[in-house]
Amino acid sequence: MLAIQFDHFGGPEVLRPVELAPPVPGPGELLITVEAAGVNFADTHQTDGSYLGADALPHVPGSEVVGRTPDGRRVLARVSHGYAEQVTAKESAVVEIPEDLDAARALALMVQGLTAWHLLRSSARLRRGESVVVHSAAGGVGSLAVQLAREFGAGRVLAQVSGPAKERLVLDLGADAVITYPLAEKADVVLDAVGGELFDQALDSLASFGRLVTYGNSARAGFTPVDPARLGRLNASVVGFWAAPHPRRPRRGRRTPEGASRPGRRGPPHARDRRQLPARRGRAGPRGPARAPDHGEAHPHPLSGRDSPYRVARCPR
């Protein structure tokens, strides 16, 4: 089968098409023939060595796919090594999806959707009426977090972005305002995937009993060491979130204690779609992992006419 693999660390140029033996599913696993594979910003950290050691090489990246099981079901699955024509997945990590659901839209809600949900529910423990600041709010996770925070009853949803076009987007998605630091009022929750100076500014902007949730370092800058004594003086918390342990999907039918939406909400959350790139033999299908939410080549958003830098690699039929 065709797969996209790298055997040394670097940028997109290290990704190469290779022929590999098809995977064999183990107990409790399914074999999936891949229709499309999601390409996430975290994949760049695998490719450059931030998330992997040399002992993991060679490596096939990719954490989410849409494809078909041997019995013909079309599914969305959380996987490892998804940049391939075939992949195995745990049965518990597979969700059947309808034929008319576009693969790009489904994939935009797997890793990014789970991340946004768990950032607010599991890590921040958001309570009704609290204020939320979302960094990189125009990106895949950020745009969903803005909508979910509104859906979960946040008192104010504030967005940090890098440009005027993104300001318009996040306001359309339901953010109350676009912010820069220092904040006019302290925040109860801040979601940060940037790190560096923005992390430091956010920590100083937390209200009493506030929570700063860190889930990435797109700035690729070192974090300032967090002094417990400083947290004590701030009466605040820093919470880490890591998506790699395969966070559980929110259970169907589970009533969230403060999950009712506000009157006048703008409708259910929707994902920013991702660009579709053909994968053909003889060339790497993904043009390297997707860039950070504030960069990358823009393309039309079929849901709402907006732009997004995210990409989806499609496998050949």
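Contact here means heavy atoms within 4.5 Å. The structure is a predicted model, in which local features need pLDDT of at least 70 and side-chain atom pairs count only at pLDDT 80 or more, while totals for chains, interfaces and linings use all residues. Residues are numbered from 1 along each chain as its sequence is written, and side-chain values use heavy atoms, with hydrogens and water left out.

The chain has an average pLDDT (the predictor's confidence in each residue, from 0 to 100) of 83, and 77% of the residues score at least 70. Residues 252-265 stay under 50 and have 20 contacts beyond four places in sequence; residues 277-311 also stay under 50, with 108 such contacts.

A nonpolar core is a set of buried Ala, Val, Leu, Ile, Met, Phe, Trp, Tyr and Cys residues joined through side-chain atoms within 4.5 Å. Buried means under 20% relative accessible area, exposed over 50%, and partly exposed in between (1.4 Å probe, protein chains only). The largest core holds 32 residues, of which Leu-120, Val-132 and Leu-191 touch the most other members. Helices (H or I, at least four residues) and strands (E, at least two) are DSSP runs, numbered from the N terminus. Elements that each supply at least two residues of this core include α3 (111-123), β8 (131-134) and β11 (187-192), and α4 gives the largest share, six residues. Beyond four places in sequence, the contacts of Val-132 include Leu-120, Ala-149, Leu-158 and Val-189. A second, separate core of 22 residues includes Phe-6, Ala-37, Val-65 and Tyr-83.

In helix α6 (residues 196-203), the buried residues are Gly-196, Leu-198, Phe-199, Ala-202 and Leu-203. Seen down the axis of α6, they fall within an arc of 150° (taken from the directions from the helix axis to the C-beta atoms), so they line one face of the helix. Their cover includes β11, β12 (206-214), α7 (228-234) and β13 (237-240).

The whole structure contains eight salt bridges, each a side-chain nitrogen of Lys or Arg within 4 Å of a carboxyl oxygen of Asp or Glu. Three of them are listed below.

| Pair | Closest N to O |
|---|---|
| Arg-211 and Glu-130 | 2.7 Å |
| Asp-204 and Arg-230 | 2.6 Å |

Asp-204 lies in the loop between α6 and β12 and Arg-230 in helix α7, so this pair ties together parts 26 residues apart in sequence. Both Arg-211 and Glu-130 are buried, whereas Asp-176 is partly exposed at 33% relative accessible area.
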